[in-house]
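Here is a short exchange on one structure. Have the sequence and the coordinates open as you read.

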Amino acid sequence: ADLRAQFEESGDLDFAYDSTARLWSADIQTRRTSVRWTYRVKGDSLIGQLAELPSGRVARRVNAARVP
């Protein structure tokens, strides 16, 4: 499948840093759903997840690593 043909701009997110929890988060609310993206820095990687609100059920897990 050609994923480039399916690309759609989804907009920008404003992340806020929580120094106590040591994570970045951004909430998205639409007519149909509310979700929260969260990311933590771990070494040279970002570890994140997308969770439904208010249940907290994890819908996606993501990992991004810096390539030297």
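Predicted model: local features only at pLDDT ≥ 70, side-chain atom pairs only at ≥ 80, totals over all residues.

Reader: In what order do the five strands stand in the open sheet?

Author: Strands of a sheet pair through backbone hydrogen bonds, either parallel or antiparallel. Here the pairing is antiparallel. The twist averages 25 degrees from one strand to the next. The order is β1-β2-β3-β4-β5.

Reader: Which strands stand at the edges?

Author: An edge strand has a single partner strand, so one side is left without a neighbour in the sheet. That applies to β1, residues 16–18, and to β5.

Reader: What is the bridge partner of Asp18 in β2?

Author: β1 and β2 run antiparallel. Three bridges join them, with β2 covering residues 23–29. The partner of Asp18 is Leu23.

Reader: Which residue in the turn between β3 and β4 has a positive phi?

Author: β3 spans residues 34–42 and β4 spans residues 45–52. Eight bridges join these antiparallel strands, among them the one between Arg40 and Ile47. The hairpin has two residues between its strands. The one with a positive phi, about 65 degrees, is Gly43.

Reader: And in the hairpin of β4 and β5, which residue takes a positive phi?

Author: Seven bridges join β4 to β5, residues 58–65, and the two run antiparallel. Leu50 stands opposite Arg60 in β5. Five residues lie between the strands of this hairpin. The phi near 85 degrees belongs to Gly56.

Reader: Is the ring pair of Tyr17 and Trp24 stacked, edge-to-face or tilted?

Author: A pair of aromatic rings is described by the distance of the centres and the angle of the planes. The centres of Tyr17 and Trp24 are 4.9 Å apart. Stacked needs under 30 degrees and edge-to-face over 60. The planes are at 50 degrees, so the pair is tilted.

Reader: Is Tyr17 buried, partly exposed or exposed?

Author: Buried means under 20% relative accessible area, and exposed means over 50%. Tyr17 has 43% relative accessibility. Its ring partner Trp24 has 36% and is also partly exposed. Tyr17 therefore counts as partly exposed.

Reader: What kind of aromatic pair do Trp37 and Tyr39 form?

Author: Their rings are 5.9 Å apart, centre to centre. The angle between the planes is 10 degrees, and under 30 counts as stacked. The pair is stacked.

Reader: Which residues do ring pairs link into a cluster?

Author: The count of aromatic pairs comes to three. Trp37 belongs to the cluster and is buried, at 17% relative accessible area. The cluster consists of Phe15, Trp37 and Tyr39.

Technical notes: Residues numbered from 1 in each chain as written. Heavy atoms only, no water. Pairing = 2+ DSSP bridges. Helix = DSSP H or I, 4+ residues; strand = E, 2+ residues; numbered from the N terminus. Phe/Tyr/Trp six-rings, centres within 6.5 Å; stacked < 30°, edge-to-face > 60°. Buried < 20%, exposed > 50% of the residue type's maximum accessible area, 1.4 Å probe, protein only. Axes fitted to C-alpha atoms, helices over the stretch in contact; angles between N-to-C directions.
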